[in-house]
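Please look over the sequence and the model first.

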Amino acid sequence: MATEDSAGGARKATKSKLFEFLVHGVRPGMTSGARMPHQGAPMGPPGPPFGGTPPIRPGMPNPAMDPNRKRPTPTPPVQAPSVQNRPRKKPLGFPGANEISARQMDLREAQSEPAIGTNAKRRKMADKILPQRIRELVPESQAYMDLLAFERKLDQTIMRKRVDIQEALKRPMKQKRKLRLYISNTFNPAKPDSDDSEGSIASWELRVEGKLLEDPGKQKRKFSSFFKSLVIELDKDLYGPDNHIVEWHRTPTTQETDGFQVKRPGDVNVRCTLLLMLDYQPPQFKLDPRLARLLGIHTQTRSCIIQALWQYVKTNKLQDSHEKEYINCDKYFQQIFDCPRLKFCEIPQRLTNLLLPPDPIVINHVISVDPNDHKKTACYDIDVEVDDPLKTQMSGFLLSTANQQEIASLDNKIHETIESINQLKIQRDFMLSFSRDPKGYIQDWICSQNRDLKLMTDVVGNPEEERRAEFYNQPWSQEAVSRYFYCKIQQRRQELEQALAMRTT
């Protein structure tokens, strides 16, 4: 389908341009045809984010508090806010240990999980936006941002069109077509010398066939699929009251056919009447003559009839100004509904008695037994409603998954490239900061790692000060010792009470 191919092709082309721009020409000074690696090579010292394991303080095999230390370990709910609110001064462009581990964890998850699938990591549009500092560093990246804005506008347009198509499919989409009806008959004269009992009696055969003119559909509809029932009434004087009617009615198990045949004995012309009942989808009804004159509708669907009633109420201002759910009937409504006032919710129920089955198509035909009339065929054109072929194309567009896998793959590559660019930016900031002031940067780096180590090992206070005796000669130490012994005494008292209670029981 043209619409589907154009929409999918546009999205795929936009994704390809985004990915190609990120891969080519992002870093200044790259030679023509060079490609940026998806993940930058290690450029910094060992340890995150440039490789290796997080730094561990010497003498501490496990990042946990030494059990021999006397300082109590704070509970996690109390420590969490203080960790988040504590000011952390780090060198320019160098993240903390916790941030590094979290970022590496996200990268490992992104690499381990499949690019496409129900369990794939959901990415956001904001993850594809380049940071402002990178855009300032590389002015050519504005072309990528323009492509990103175009992609967002294209996705919005496609989504809006999909919603419009879904709303359009909820309404019946029909087209008027001509169904050509062919009525013919053949006559078989009697053969006296025939051994067959059927051949010795004269008979005629009536055929009712038809086809849809200018049928655009690939699958041709059978003739019987347009009708709900077919009744052929033969001359009652010739065939009696019990054998003069031939009926066909649609059932759920009916097999469609391209025509109907009726064979009867006889050697004289027979007058017959064909009654064809069209199969309307959705069902249509014939209106009561009084309501039909009032609304100007003869046969229509229930929804169209109710809509015409509402239009008549609005045009003639029959809705009650104070009680909006009521209709003040005029003289025509009073004649039809036989009440001076009625509610809107009562209209469908009252309308049921005013809706009748639609009139059948009546065709009068003469079955001729004259040999010269055998080649004559009566043709009739009937207006029928068929599904709009555009409806099938619209449904196919909504259900189509063409190009979706390739688009998702390109989207995932764009996200990975953006992550690689961010990593390269961190490495560049590290190198620049180190080159400006190597000594000061190393000192700041060591201080930052020291603070991160305290956070990782839940260390409270300053271990260097606590190593010295002057730290414990401060005024607060006497109160701390008293509180410590008081807590120990209370703890021991509770243990003794529990032991005595167990003995008594």
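Cys329 counts as buried because its relative accessibility is 9%, where buried means under 20% relative accessible area, exposed over 50% and partly exposed in between, with a 1.4 Å probe and protein chains only. The model is predicted: local features need pLDDT of at least 70, side-chain atom pairs count only at pLDDT 80 or more, and totals for chains, interfaces and linings use all residues. Residues are numbered from 1 along each chain as its sequence is written, and side-chain values use heavy atoms, with hydrogens and water left out.

Cys329 sits in the loop between strand E9 (326–328) and helix H9 (331–337); helices (H or I, at least four residues) and strands (E, at least two) are DSSP runs, numbered from the N terminus. Beyond its neighbours within four places in sequence, Cys329 is in contact with Gln334, Cys339, Pro340, Arg341 and Leu342, contact being heavy atoms within 4.5 Å. Arg341 is 12 residues from Cys329 in sequence, and their C-alpha atoms are 5.5 Å apart.

Elsewhere, 4 strands make an open antiparallel sheet in the order E5-E2-E1-E13. Strands E5 (259–265) and E13 (378–387) are at the edges with a single partner strand each, so one side of each has no neighbour in the sheet. Two strands pair if DSSP finds at least two bridges between them.

| Pair | Bridges | Partner residues |
|---|---|---|
| E1 (174–188) and E13 | 10 bridges | Lys178 and Asp383 |
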